Amino acid sequence: MSNRNDNIKAPLAEALLRYVERKDTSFHVPGHKNGRVFEQLTGGYKVLREIASIDATEIFGLDDLHHPEGVIAEAQEKAASFFGAEATYFLVAGSTAGNLALILSVCSSPGDVLLVQRNVHKSVIHGLMLAGANAVFLGPQADAASGLTTIPSAETVREALRRYPGAKGVLVTHPNYYGMGGSLAPLAELCHSSGIPLLVDEAHGAHFGLHPALPRSALSEGADGVVQSTHKMLFGLTMSAMLHVHGSLIDRQLLCQRLAMIQSSSPSYPLMASLDLTRGMLEGEGPSIFEEGLQCAAKLRREIRKLNRVGIVDIPPAVDGLDCSEMNGNLDGYTLQDPFKVVIYDQSGQISGYKLQERLEQAGCIPEMSDPKYVVLALSLGTSHDDIEKVLAVLVNLEEEMKGINSLNGQLQSRNPNSEALFGYRSTSDAEKNISFTSKKENEVLTASNQELSTWNIPTDLAISTVVPFCMTPISEALQEKVSIYQTEGRVAAEMVIPYPPGIPILYPGERITGEVSQLLIKLHQAGAKCQGTADSTMSSLKVYKNQKVGAEHGC
């Protein structure tokens with residue numbers, strides 16, 4: 001491989017390097033004066049001094065993010081050309097800023113209707129609130145094998161557009177947190193035939209389309225506004241992201257104004273430089289930059305398939321050209337899988353995703369996330385073969401340990417029918433309670449669930465919801481009460497419940513809690529899941545409306 005420095009053309013990053021080399025005397029912010037305040041730092045703290053040396057501001061030669069005319073404008077133009085957009089905007093507040101800006105631009109007047117995939121990131125819900133928009137939620141498609149959901153079907157979008165011809169746009173998330181997805185082209189075609197934009201939260205797909213082995217990007221599928229977390233699956237610094245726009249269906253002047261509203265007037269130059277450098281490295285090296293990472297991902301998948309207990313989520317073989325006639329499930333919703341997202345689980349259903357994540361962490365392998373069933377391993381072009389060998393060793397050892405657990409539990413059950421009371425063991429057929437068993441290796445009690453839902457899924461019987469108004473008016477405390485998490489069915493939520501990660505609300509204020517969702521809340525509480533948005537961090541109680549007839553429209 002050639003020297004990467006010879007291939008990189010990154011105007012903003014290069015301008016920052018020149019800034020450091022000049023050693024100008026600073027009579028401007030920031031107050032650390034090019035890192036001088038940190039000069040006495042030693043050891044590991046010296047890295048702060050290095051970062052501070054490029055922590056500049058909008059001075060001559062470094063341009064202005066909110067009125068770019070120089071190196072930032074050039075860097076954004078290069079990004080647009082490379083990723084296939086007509087215009088690209090650097091984001092220094094993550095994909096959250098991009099989602100907010102798109103919604104505030106498309107829903108420019110209170111009451112505007114936006115068709116929204118139901119299981120979206122919390123930033124989308126917050127954007128609806130800020131815009132005072134009316135949402136019509138679209139149920140996603142479910143993969144029959146895994147139970148995980150992807151994008152809404154073309155049929156759902158077509159019917160929603162028929163029912164709500166005044167809708168301002170359609171917003172979907174693709175790929176999902178598990179790297180799963182389908183074709184966006186039919187959705188884009190439907191939107192364009194109605195004269196409205198397709199907005200895509202592609203936070204986990206910034207690398208899509210950059211190598212033949214990777215899925216196509218949302219822009220190449222016809223999306224009009226696309227948000228990408230460059231820091232997630234590529235290599236920008238955390239909080240760095242890009243917003244890409246194509247076509248004439250999004251008002252770019254208004255979009256720039258919205259971005260100036262929600263992003264800092266003092267944007268981080270290290271973050272912007274990382275965006276420029278990421279694009280520069282990708283363009284300089286070409287698709288070959290992904291080769292080693294893809295080889296590592298393929299090896300991990302191949303070796304996991306040899307295991308008996310640990311399963312992996314992947315596209316049904318029928319999608320790869322075999323006979324699909326006998327396949328169950330919706331192939332339109334799950335026809336692509338990000339090779340860098342490896343989703344594993346205990347095929348027996350005895351060990352939860354949370355517990356599997358704990359075991360991996362104990363061995364020094366830190367997953368991206370887990371839910372009641374699955375664990376997501378996020379690989380990238382930075383993943384090495386040593387990394388793969390390490391995680392495979394953990395999984396092989398864990399599989400052997402689980403065999404011992406099964407053997408022990410079988411002996412306990414045969415010797416003592418009442419062993420549940422003595423040892424905390426329940427049979428796998430007990431669908432309403434958690435399964436506990438004793439680890440022979442570490443003599444600790446582990447808890448798991450054979451619950452089939454994930455925190456990505458939003459259980460619903462409706463493919464298309466009624467209009468749901470959103471606003472910024474707080475819910476009066478006098479209208480709320482706390483109830484046990486075991487008594488939520490049929491009540492109306494007065495707060496959001498957002499398992500994190502992935503940051504997708506399973507409830508929003510004003511939504512009636514179905515029996516299915518109530519059971520999911522209980523499962524999350526019992527598993528000790530981390531949830532944002534709830535007053536009770538233990539999830540043992542939930543705020544609901546006192547008057548069960550009150551809905552999301554109250555106060556809006």
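Modeller: Two strands pair if DSSP finds at least two bridges between them; strands (E, at least two residues) and helices (H or I, at least four) are DSSP runs, numbered from the N terminus. This is a predicted model, in which local features need pLDDT of at least 70 and side-chain atom pairs count only at pLDDT 80 or more, while totals for chains, interfaces and linings use all residues. Residues are numbered from 1 along each chain as its sequence is written, and side-chain values use heavy atoms, with hydrogens and water left out.

Biologist: Thanks! Which residue stands opposite Lys543 in S20?

Modeller: Strand S17 (residues 480-484) and S20 run antiparallel, joined by five bridges. Opposite Lys543 of S20 we find Lys482.

Biologist: Is strand S20 largely enclosed or open?

Modeller: Ser541, Lys543 and Tyr545 point one way from S20, with Leu542 and Val544 pointing the other way. On both sides these residues are buried (under 20% relative accessible area with a 1.4 Å probe, counting protein chains only; exposed is over 50%, partly exposed in between). Since five of the five residues in 541-545 are buried, S20 is largely enclosed.

Biologist: Where do the buried residues of helix H7 lie around its axis?

Modeller: In H7 (residues 154-163), the buried residues are Ala154, Thr156, Val157, Ala160 and Leu161. They cover an arc of only 160 degrees, taken from the directions from the helix axis to the C-beta atoms, so they lie on the same side of H7.

Biologist: And which exposed residues sit on the face of H7 turned away from its buried side?

Modeller: Let's take the covered side first: its cover includes strands S2 (113-117), S3 (134-138), S4 (170-173) and S16 (464-469), along with helix H8 (185-193). The face turned away carries Glu155 and Arg162.

Biologist: How far apart are the end C-alpha atoms of helix H2?

Modeller: H2 (residues 11-22) has twelve residues, and the expected span is 1.5 Å times one less than the number of residues. That gives 16 Å, which agrees with the end-to-end distance in the model, 16 Å.

Biologist: Which helices do the buried residues of H2 pack against?

Modeller: The buried set is Pro11, Leu12, Ala13, Ala15, Leu16 and Tyr19. By contact (heavy atoms within 4.5 Å), their partners are H3 (46-53), H4 (71-83) and H11 (269-285).

Biologist: Finally, how many disulfides does the structure hold?

Modeller: Among the cysteines, Cys256 is partly exposed at 38% relative accessible area, whereas Cys531 is buried at 11%. A disulfide is a pair of cysteine sulfur atoms within 2.5 Å, and the count here is zero.
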